[in-house]
Amino acid sequence: MAVIEARNVVKRYRTGGETLEALEGIDFAVEPGEFVSIMGPSGSGKTTLLNLLGLLDDPSEGEVRLDGEDVTGLSDSERTRSRKRTIGFVFQDFYLVPTLTAKENVEVPALFDHDPSVEERSVDLLERMGLGDRLDHKPDELSGGQKQRVAIARSLVNEPRVLLADEPTGNLDRETGRTILDEFVAITERDVAVVAVTHDELVNEYVDETVELVDGHLGEDVPGDGGHSSAPEAPGSEPRPGDGDRP
Ligand SMILES: Nc1ncnc2c1ncn2[C@@H]1O[C@H](COP(=O)(O)OP(=O)(O)OP(=O)(O)O)[C@@H](O)[C@H]1O
């Protein structure tokens with residue numbers, strides 16, 4: 001069953017007396033462990049769709065389902081709870097807190113849970129991302145790719161089942177982009193679904209499927225290269241730093 005699904009979703013924005021239909025009836029679903037990219041020209045509705053899938057915004061019509069349950073009618077607090085339990089976000093600009101260390105940044109989404117295991121989870125995630133020797137570095141002491149990996153670790157701290165990423169390789173050089181995409185593939189191997197909005201063709205070497213958005217419509221689905229099962233340059237199944245410590 002799909003972990004997250006949009007059914008016939010329409011999104012209209014009203015500004016200055018005008019109505020713009022940004023999404024015109026979208027059906028989209030992602031299964032656990034699937035890696036899907038959403039591509040399309042600027043203004044085609046990609047971020048709008050990602051925000052709806054991430055329960056950051058409500059559709060004007062249609063349904064968004066988490067684990068088969070329609071979440072469109074939920075109250076704000078119920079929706080926040082569902083979002084926190086199920087969904088992690090990776091933003092293009094990282095949004096790390098400059099005064100906090102890498103370890104503290106990863107702990108931020110779990111801060112109010114008073115969960116004593118959060119520090120251990122943070123260290124574990126950063127080690128998995130190959131940042132075991134950068135735990136106490138602040139963002140301005142890290143490279144772009146390292147910052148992105150801290151942001152990915154942070155998105156995973158509440159053990160989400162879906163990771164939504166907006167232009168995850170947008171600010172990175174190619175080699176660092178590949179490292180990040182390898183991380184995503186490794187995450188899907190833990191049954192987390194990954195949805196990435198992107199303009200970057202490199203992403204398509206790694207995904208199971210690419211969907212095209214054009215003017216608020218979905219075009220044809222294109223099977224990806226299935227990086228995590230076949231592409232030799234996508235070694236998602238290789239051991240990652242820190243994996244050896246895991247049971
Ligand atoms: N809050 C808003 N209010 C009014 N119009 C909006 C709002 N957000 C987006 N739009 C409009 O909806 C359409 C889709 O925008 P969206 O940001 O989803 O596109 P996108 O495909 O992510 O674009 P890009 O690749 O440039 O980020 C655009 O025409 C945009 O101007």
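1. In what order do the four strands of the open sheet lie? In this predicted model, the order is S2-S1-S4-S5, and the pairing is antiparallel, where two strands pair if DSSP finds at least two bridges between them. The edges are formed by S2 and strand S5 (69-70), each of which pairs on one side only.

2. Residues are numbered from 1 along each chain as its sequence is written. Local features need pLDDT of at least 70 and side-chain atom pairs count only at pLDDT 80 or more, whereas totals for chains, interfaces and linings use all residues.

3. Strands (E, at least two residues) and helices (H or I, at least four) are DSSP runs, numbered from the N terminus. Strand S4 (residues 61-66) joins S5 in the antiparallel sense over two bridges, and Leu 66 has Glu 69 of S5 as its bridge partner.

4. Helix H5 (residues 144-155) deserves a separate look. Of its 12 residues, 10 are buried, so H5 is largely enclosed by the rest of the structure; buried here requires 20 or more other C-beta atoms within 10 Å of the residue's own, with C-beta atoms placed from the backbone. Among the buried residues are Gln 146, Val 150 and Ile 152.

Technical notes
The expected span of a helix is 1.5 Å times one less than its number of residues.
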